[in-house]
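Open the model in a viewer and keep the selection tool at hand. The stops below are meant to be taken in order.

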Amino acid sequence: MIQYRIEVADAHAHRFLVTLRIDKPQPRQQLSLPVWIPGSYLVREFARHLSPLKAKQGTRDIAVTPLDKASWEVATTGSAALTVQYEVYAFDTSVRAAFLDASRGFFNGTSVFLKVAGFEDQPHAVKIAGLPKGWQVATALPATKVNAQGVGDYLAPDYDALVDHPVELGTFWRGEFTVRGVRHEFVVAGATADLDGQKLLDDTRLICEAQINFWHGRKKAPFDHYVFMLNVIEDGYGGLEHRQSTALICGRKDLPRQGRPVNKDAYTTLLGLISHEYFHTWNVKRLKPVEFAPYDYTKENHTRMLWFFEGFTSYYDDQFLLRTGLIDAATYIKLLGKTVNQVLSTPGRLSYSVAQASFDAWTRYYRPDENTANATVSYYTKGSLVALALDLALRELPASGKAHPSLDGVMQRLWQLGRPITQADVAQALADEAGRYPQGLQVKAGTPVEQAWLALLDKWTEQCEELPLQHLLDRLGIAWSSKAAPLPQQWGMRVQDTPGAAKVQAVMRGGLAERMGLSAGDELLALAGWRVRKTDDLAAWHDAKRAQTLLICRDQKVLTLTVPAQEGSAQGKAKAAATAPSHASDIVTLSLADVGQAPDKLARRQAWLQA
């Protein structure tokens, strides 16, 4: 058995002390620390936070030889147990690594537990000890002997399970509920004293019950204990899924508070995050791409299917808020419109497929810069729209048996496979659910149904064609209208207001801002002789009918650019159309249309919104 002891070495210095014991080490025992954490697709080099390793056999010191940036070798002799000790600097406030100060501790196993080569499939025991007085422990890792605060001994069946159970430490709010025999804990660190914990529990319970029913019907869930770990800070947002828990971050404004009105939009965003990460308990943690079976912790694990595992999860997160009554249909359609606009405002969608974006997540999505919107597309947002398009396309087909085909049926068919999946598996599940060709796709006679659906998937994920969302939504009586976007978006740039100035954050490919010569980092000083102090000043001084001068500051130099006339002569309009930017210059609004004279639309819409 592999044994770890983790304790607080110095909370003020943000250091954990870890002691690793290997009862029967190999002669040249290799150790390593993961360079990434599953669910967050970036090489994060966790080993940079480890102090030098110190090894002993009995009372004898043994040299530790580095092999590369995150692995070591210890030349042991005899059969005596090997003990390795090291400190971990823990001051990452995200959900991806480890954190420790005088009031709170948190860690993911990928940040603190060395992997022992040759013993990965054996049981791994963990003793959590040496905590400040009054601190509690929250984790879904199975306990073997702990006190009332959770301090003590835990056991994982193997290394993968060990590092897939994060641990929260400190003096946090704690509540729980049971759904379908599964005990759910919710711990909140950093909340104000007036947290309305009961509302948070009640609303989360609705989500959990609906999702267990979605995946299993009346059957038992594949886990009996689940923990939500929420860290509340001044302002923040994020989450990371695990097999029986999730680590979350939100701002204090996002939480429900007793005796105060709920910030509806902020709280809905938090509930959507909870729904998203809980759905991952199935979609990516158990139903996973073949490339993740097993994980390789030493390098990037590429897959072209994050559009499915993250994008489809993003589609269902708000769907479950709707299905549980936590939001109404109008709010859901508004959230859908927000996603549509996020994708349309990304020029990269026209040159970079969502499958390629999935593969390159490690170097593009997780390393954003001023050119990211031109160089890729979000597999979260674009992937969720692929899910929407497939769901609506299926629901247009004739009923097979008692119900119309739907994406719900596809997901459940994939779950029943009980193994990692490929894009071909998704196509087969679509074909089995539909029982016929997708509508509107040109198919040669005799083509197998699954090949037709695979061709449609390739078209929507491996190519850069726009999805037929407007047509599909119109068939449900969802109105699609547009209005002029704010001026910076019309020009093809993103601008951030800073104290006393407006700064360009990004310039979109093919847009007016690019043709004018603007670059990220430029400070906008004046338009047509009028001072620009904030983004709204651009619209106040802009006159589209005539050319205007734009003063900017770049690297302390004041430069003069020209904003060309955008309205007026037919020649000018033709030129503007010919050089139209590849980003959206309009904002799309989705709404529930009156379909009183179209009962077929109403029926389809109700079936979708009340799934």
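## Stop 1

Select glycine 272, which is buried at 8% relative accessibility (buried means under 20% relative accessible area, exposed over 50%, partly exposed in between, with a 1.4 Å probe and protein chains only). The model is predicted, so local features need pLDDT of at least 70 and side-chain atom pairs count only at pLDDT 80 or more, while totals for chains, interfaces and linings use all residues. Residues are numbered from 1 along each chain as its sequence is written, and side-chain values use heavy atoms, with hydrogens and water left out.

Glycine 272 belongs to helix 4. Helices (H or I, at least four residues) and strands (E, at least two) are DSSP runs, numbered from the N terminus. Contact means heavy atoms within 4.5 Å. Leaving aside neighbours within four places in sequence, the contacts of glycine 272 are Asp317, Asp318 and Leu321.

Now show the whole of helix 4, residues 264–279. This helix lies across strand 18 (182–189), strand 19, strand 20 and strand 21, and runs at about 15 degrees to strand 20. Axes are lines fitted to C-alpha atoms, for helices over the stretch in contact, and angles run from 0 to 180 degrees between N-to-C directions.

## Stop 2

Colour the open sheet of 5 strands, whose order is 17-18-19-21-20 with mixed pairing. Two strands pair if DSSP finds at least two bridges between them. Which strands stand at the edges? They are strand 17 (173–179) and strand 20 (237–241); each has a single partner strand, so one side of each lacks a neighbour in the sheet. From one strand to the next, the twist averages 15 degrees.

Inside this sheet, select residues 225–233 (strand 19) and 245–251 (strand 21), which pair in the parallel sense over 7 bridges. Phenylalanine 228 is opposite threonine 246 of strand 21.

## Stop 3

Strand 1 and strand 12 (residues 124–129) are joined in the parallel sense over 6 bridges, and isoleucine 6 stands opposite isoleucine 128 in strand 12. Then select glutamate 7 in strand 1 (residues 2–10). Is glutamate 7 buried or exposed? Glutamate 7 is buried, at a relative accessible area of 17%. Beyond its neighbours within four places in sequence, glutamate 7 touches Phe16, Leu17, Ala129 and Gly130.

## Stop 4: a cis peptide, then two crossing helices

Move to the loop between helix 4 and helix 5, where proline 294 sits. The peptide bond from alanine 293 to proline 294 is cis, with omega about 0 degrees.

Then select helix 5 (residues 306–323) and helix 9 (residues 381–395), which pack at about 70 degrees with axes 7 Å apart. Helix 5 is therefore roughly perpendicular to helix 9 (under 35 degrees counts as roughly parallel, over 145 as roughly antiparallel, 65 to 115 as roughly perpendicular and the rest as oblique). The contact includes Trp307 and Phe312 from helix 5 and Leu388 and Asp391 from helix 9.

## Stop 5

Select strand 27 (residues 548–554) and strand 28 (residues 557–563), antiparallel and joined by 7 bridges. Cysteine 553 is opposite valine 558 in strand 28. In the loop between these strands is aspartate 555, with a positive phi near 55 degrees. Aspartate 555 is exposed, at a relative accessible area of 70%.

## Stop 6: cysteines

Finish with cysteine 208, buried at 0% relative accessibility. The whole structure has 0 disulfides (a disulfide is a pair of cysteine sulfur atoms within 2.5 Å).
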